[in-house]
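Hi there,

Here is the structure I promised to pass on. My notes on it follow below.

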Amino acid sequence: MRKKIKKHFNTQGLCVPLKHYMVDIADKLSQIIELVENEEYFTINRPRQYGKTTTLYMLEKALQKEYLIISLSFEGLDDTIHKDYKVFIKSFLIMWQEQL
């Protein structure tokens, strides 16, 4: 028998509904999924600690059965990569290759 996970408040990074107390974002996710299904563009642009990473994580989980999800993060890239477009493109393609 599995031990029940005790929820707690998470103040940094990804929130997981089974582990963390969080606002129900089901309505927000359904709106974004509708945009995806209608082949619309959208942005997720909010201040720090507003749930962007969690929203993208949950969106990925919701869409992974019907879509190929490629999740890339530029967070760890050195600033010098952005100064030379050839270096950036090479780094970007390597990231894509690793995800595929």
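By class, 22 nonpolar, twelve polar and six charged residues line the largest pocket (Ala, Val, Leu, Ile, Met, Phe, Trp, Tyr, Cys and Pro count as nonpolar, Asp, Glu, Lys and Arg as charged, and the others, Gly among them, as polar). This is a predicted model, where local features need pLDDT of at least 70, side-chain atom pairs count only at pLDDT 80 or more, and totals for chains, interfaces and linings use all residues. Residues are numbered from 1 along each chain as its sequence is written, and side-chain values use heavy atoms, leaving out hydrogens and water.

Of the 40 lining residues, K52, T53, T55, L56 and Y57 lie nearest the pocket's centre (a pocket is an open set of points on a 1 Å grid over the protein atoms alone, where a 1.4 Å probe fits, with protein on both sides within 12 Å along at least five of seven lines; lining residues have an atom within 4 Å of a point). Helix 2 gives the most to this lining, with nine residues (helices are DSSP runs of H or I, at least four residues, numbered from the N terminus).

Helix 2 (residues 52–63) also meets helix 1 (residues 26–37): their axes come within 10 Å and cross at roughly 60 degrees (axes are lines fitted to C-alpha atoms over the stretch in contact, with angles from 0 to 180 degrees between N-to-C directions). K28, L29, I32, I33 and V36 of helix 1 touch T55, M58, L59, A62 and L63 of helix 2 (contact means heavy atoms within 4.5 Å). Those contact residues comprise eight nonpolar, one polar and one charged.

Best wishes

Note on methods. Helices (H or I, at least four residues) and strands (E, at least two) are DSSP runs, numbered from the N terminus.
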